[in-house]
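Here is a short briefing to read alongside your structure. Take a look at the model first, and then we can walk through it together.

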Amino acid sequence: MTTVGIVTGAGRGMGEACARRLADTVDVLLLVDRDAPGAEAVAADLDSGGGRAHAEAFAADITDRAALAGLAERVAELGTLRSVAHAAGISPTMADWRRVFQVDLIGTALLAEALRPLATEGTAHVYFSSMSHLLMGVDHPDPAIVEALDDPLREDFLDRIREAVGPGIEESNLAYPWAKYGVARFARKEAVRLGPVGARVCSLAPGIIDTPQGRQEAAQHPVMQQLVDATPLRRTGRSEEVADVVAFMLSDGASFLNGVDILVDGGVCAAVRDQ
């Protein structure tokens, strides 16, 4: 049986770190990214390193249903889906509020929809959420917001979430934590859907991690340095540290870990929220 793994956003940052960490855990590793040259460079480097997996770049936009259908077809051609590390996403400075929702939440739901028929005993997924929704204090949101977030593939989703949250959602800085909260909720629901076939789904909430995307956000939002200063470990995280947690979550060693959002933030949420 050939085992297949998928890493999205694999061309750089935390996605690349996940690809490098997971290269010895499956037989074939598909590196999914809109940036085809970036994914190809990582795949070539992994293949030259003599690891277990054959790394294969797969150019795709995770908001493109047709591209994701092609990804699912490629997995089925290769073997059995074993693991999915869904790190692809955008941050507030990268797009307007609609695009933030389209990539971060709708894209997650589209990926899950495409891969759902391939789930089997031992398949595991990790979707990247964010600590931002925890810092925002989204514990008991308005039921109208929850109802909208829990159906991200409805054609009128963006209109419904704007109506539920209000016009403030048009600020990307507010859209982002709501989208990531939606990802965490979606992971829980997907865990319930896939559990009967023996597959698992969790989400992972990174804190402030030293990546190109993170540095871009920090340059425009001084509050991020305040959060670093408040972090008990007094530093940003490294992509490799996140990838290590993802690898465990996808491993057989985490075979009873399911339907939860794992926070990897150096303790900053504990420091800020509990004061």
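Which residues are buried in H1? They are Gly13, Met14, Gly15, Ala17, Cys18, Ala19 and Leu22. Please keep in mind that this is a predicted model.

**Helix H1**
- Helix H1 spans residues 13-22 and is mostly covered, with 7 of its 10 residues buried.
- Cys18, one of the buried residues in H1, has a relative accessibility of 1%.

**Cysteines**
- You will find 0 disulfides in the structure.
- The closest cysteine sulfur to that of Cys18 belongs to Cys202 and lies 14 Å away, which is too far for a bond.
- Cys202 is likewise in no disulfide, and Cys202 is buried, with a relative accessible area of 1%.

**The largest nonpolar core**
- This core has 51 residues, and those with the most contacts inside it are Ile6, Leu71, Phe101, Leu149, Phe157 and Ile161.
- Strands E1 (3-8), E2 (28-33) and E4 (80-86) each give two or more residues to this core.
- Helices that also give two or more are H3 (65-78), H4 (97-115), H6 (143-149), H7 (157-165) and H8 (172-194).
- Helix H4 gives the most, with 12 residues.

**Around Leu149**
- Setting aside neighbours within four places in sequence, Leu149 is in contact with Phe101, Leu105, Phe157, Ile161, Trp178, Tyr181 and Gly182.

**Another core**

Note on methods: Residues are numbered from 1 along each chain as its sequence is written. This is a predicted model: local features need pLDDT of at least 70, side-chain atom pairs count only at pLDDT 80 or more; totals for chains, interfaces and linings use all residues. Side-chain values use heavy atoms; hydrogens and water are left out. Buried means under 20% relative accessible area, exposed over 50%, partly exposed in between (1.4 Å probe, protein chains only). Helices (H or I, at least four residues) and strands (E, at least two) are DSSP runs, numbered from the N terminus. A disulfide is a pair of cysteine sulfur atoms within 2.5 Å. A nonpolar core is a set of buried Ala, Val, Leu, Ile, Met, Phe, Trp, Tyr and Cys residues joined through side-chain atoms within 4.5 Å. Contact means heavy atoms within 4.5 Å.
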